[in-house]
Amino acid sequence: MEIREVLAQNLKAARQAKGLSQEELAHHIDRTYISSLERCVYSASIDVVDRLAEVLEIEASVLLKR
């Protein structure tokens, strides 16, 4: 599995576990960007991974763990 797919799955799982919609998470980033990350359309920079983790109140490594 590619790292983008790992991020996509972990991001979606973390977002749902937090009870957030893509739109709610996107208030902190960008709605279409969140959707694109979860569909493996875009690659996230390390800064974006860190920001997502901060918003989701998890460690960035959780989003990248295979």
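Glu54 is exposed, with a relative accessible area of 51%. The scale runs as follows: buried means under 20% relative accessible area, exposed over 50%, and partly exposed in between, with a 1.4 Å probe and protein chains only. Arg51, at 31%, is partly exposed. The model is predicted, so local features need pLDDT of at least 70 and side-chain atom pairs count only at pLDDT 80 or more, while totals for chains, interfaces and linings use all residues. Residues are numbered from 1 along each chain as its sequence is written, and side-chain values use heavy atoms, with hydrogens and water left out.

Glu54 and Arg51 form a salt bridge, and their closest N and O atoms are 2.7 Å apart. A salt bridge here is a side-chain nitrogen of Lys or Arg within 4 Å of a carboxyl oxygen of Asp or Glu. The two residues are three places apart in helix H4, so about one helical turn separates them. Helices are DSSP runs (H or I, at least four residues), numbered from the N terminus. An α-helix has 3.6 residues a turn, so residues three or four places apart point the same way.

## The other salt bridges

The count of salt bridges comes to three. One of them joins Glu38 to Arg15, with the closest N and O atoms 2.7 Å apart. This pair links distant parts of the chain, since Glu38 is in helix H3 and Arg15 in helix H1, 23 residues apart. Glu38 is buried at 13% relative accessibility, and Arg15 is buried at 7%.

Lys18 and Glu57 also meet in a salt bridge, at 2.2 Å from N to O. Lys18 is in the loop between H1 and helix H2 (22-26), and Glu57 is in the loop between helix H4 (46-56) and helix H5 (60-64), 39 residues apart. Lys18 is partly exposed at 37%, whereas Glu57 is exposed at 60%.

The buried residues in H4 are Val48, Val49, Leu52, Ala53, Val55 and Leu56. Seen down the helix axis, they fall within an arc of 165°, so they line one face of H4. The arc is taken from the directions from the helix axis to the C-beta atoms. The face turned away from this buried side carries the exposed residues Ile46, Asp47 and Glu54.

## The nonpolar core

The largest nonpolar core has 15 residues. Such a core is a set of buried Ala, Val, Leu, Ile, Met, Phe, Trp, Tyr and Cys residues joined through side-chain atoms within 4.5 Å. Leu11, Leu25, Leu37, Leu52, Leu56 and Leu63 have the most contacts inside this core. H1, H2, H3 and H4 each give two or more residues to the core, and H4 gives the most, with six. In soluble globular proteins, nonpolar side chains tend to be buried together.

Contact means heavy atoms within 4.5 Å. Leaving aside neighbours within four places in sequence, Leu56 is in contact with Leu11, Ala14, Arg15, Lys18, Leu20, Leu25 and Leu63.

## Ser36

Ser36 is found in helix H3 (residues 31-38). Ser36 is buried, with a relative accessible area of 6%. Apart from neighbours within four places in sequence, Ser36 is in contact with Val41 and Tyr42.
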